[in-house]
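Please look over the sequence and the structure shown here before reading the report that follows.

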Amino acid sequence: DADLRHAAALAELDERVAATAADVLAAADILAYGRPLAFVHPIVQEAVKADMPPGERSVGHRRAARLLAAAGRPADRIATQLVATEPAGDRWVVDVMRDAARQALARGSPEAASNYLGRALAEPPDVARLPALLREFGTAQARAGDNEAVGTLRHAMDVTPEPEARTEIAVTLARALGMFGDHARALSVLDRVAGEVADLDPELALRLQAEWITVARLDGATRQRARTRSAQLRSRARPPRPSTSLLLANLALDALEEGEPAPVVADLAQDALTGGWLLDEESFGFSYAANALLWTDRYDLAERAWEAARQAARTRGSDALLAMTCGWRCQLAYRRGALREAEAEGQIAVRLIAQHEWNALRGYPHSKLSDAVMERGDLAAAAELLVADAAAEKIPFFLDSRGRLHCLHGRFAEGLEDFLRCGQALDTRGGRDSPGIIPWRSNAAIAYARLDASDHARTMARLELQLAQACGAPRAIGIALRAVGLGEGGERALDSLRAAVTVLERS
């Protein structure tokens, strides 16, 4: 798509001569007729390129890039020429590639940005600009879901001396490691940098502590330590600000899991979402805050939060954020009864996760999508989604969904086993595992009742009702009342079921 004047200049021809040459080449079926100039077919273009010696071709691309720069063309157009040149230590090439990468990120193309920055590193840059370039490259790789981001960001940390810049790199690296399921190394990185900045900048140190808590929450082995650390920092969380939004998101989830009233949980979550800082950072903490609203039945607020996340994911071209968003929007739509919408969201999430190595997300969207297809009776599709691996066997959502699938097939003993394992998995995380998140006790109570273990059914259901009433979320209360009713007999059962209808009608 070259302008005639640029092609003429590159070929060192008078423009009139170049126009005649273009017509001759078009008549020979090498160029297409018309403007801008283009080869008649990609095969012809490749044949012409292959006929040029590599050194000559590289010099030609570099000259073409200079011509386009002199004409004021956008950096990404110039970069298209420069990626085909041989490295020569040219500072101008590095500058153009960085500008092109910024433009690519702004239009939601992290893969293109990563390509440009990789070429800039090959030029290579001077020593002074290497740290910033490595940070930008690693960030683009992480956003594109490339596991090479980990090595790039580690290199960036090694060559970056400034505390604030090291903090940004550490956070991005920890999130990348967390997405790939390497929580231990992520926590090690955050601990190291937090120690470096503790006396230099308390707000930076607080932000790193909140990031540590967020990653530690993802691993059952460190989840209780995360809860302890967030409780110790609670007094520093307000007023909401960039350095505390992540801490507030964790506190919201802690409050929910501890059975605090829904309004308390929702206030913490809304404070965490203030200013859009969590979404700007693409942190796991965003899902903590948005889901604290979802799990306390603040569906309109959760919808607004996740819609903002969807728009951000598409604008930035972030597959990771889009996968997380669609996975949780699937559950939101399911809880509202919009089953087709839930399926559409869940299918996007499952497909994206299959394309990447995001171990931290595996199993979650599969269970949410299976809930939607089970609800409309497609048990075969649900079974395909609930094929377990070692990671899925540890995910409470997955175990609960599979338990309900067993029960729908009449396999109540197998279902009960999964519900109890779900409870055990939640128990290792600490807290009281709010029924607003997973009503596993109600599901277990119904399975017990169908297995003629009525005492166990009543005990389990009544405990769930107590926890649900303490939180005050109507959905959880209605589910627990139904379980109580199915475990009782006679008029008491009818009273509980009528109460379930009443509370759910208001939900």
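## A serine inside a helix

In this predicted model, S401 is in contact with S367, S370, D371, M374 and L386, once its neighbours within four places in sequence are left aside. S401 itself belongs to helix α23, which covers residues 396-408, and it is buried, with a relative accessible area of 1%.

## The buried side of α9

Helix α9, formed by residues 149-159, has A149, V150, T152, L153, A156 and M157 as its buried residues. These residues lie on the same side of α9, because the arc that they cover around the axis is only 165 degrees. What the buried residues of α9 pack against is a set of helices, namely α8 (130-143), α10 (163-179) and α11 (183-197).

## Two cis peptide bonds

Most residues other than glycine have a negative phi, and most peptide bonds are trans. Against that background, the peptide bond that runs from R35 to P36 deserves a look, as it is cis, with omega near 0 degrees. P36 is found in the loop that connects α2 (15-27) with α3 (42-50).

Another cis peptide bond joins R238 and P239, and here omega is about 5 degrees. P239, too, is found in a loop, in this case the one between α13 (223-232) and α14 (245-257).

## Two aspartates with positive phi

The backbone of D297 has a phi near 70 degrees, which is a positive value in a residue other than glycine. D297 is placed in the loop between α17 (284-294) and α18 (299-316). Is this residue, D297, buried or exposed? D297 counts as buried, because its relative accessibility is 17% and the cut-off for a buried residue is under 20% relative accessible area.

D452 also has a positive phi, of about 65 degrees, although it is not a glycine. The loop in which D452 lies is the one between α25 (440-450) and α26 (454-471). With a relative accessible area of 72%, D452 is exposed, whereas D297 counts as buried.

Conventions. Residues are numbered from 1 along each chain as its sequence is written. This is a predicted model: local features need pLDDT of at least 70, side-chain atom pairs count only at pLDDT 80 or more; totals for chains, interfaces and linings use all residues. Side-chain values use heavy atoms; hydrogens and water are left out. Buried means under 20% relative accessible area, exposed over 50%, partly exposed in between (1.4 Å probe, protein chains only). Helices (H or I, at least four residues) and strands (E, at least two) are DSSP runs, numbered from the N terminus. The arc is that of the directions from the helix axis to the C-beta atoms. Contact means heavy atoms within 4.5 Å.
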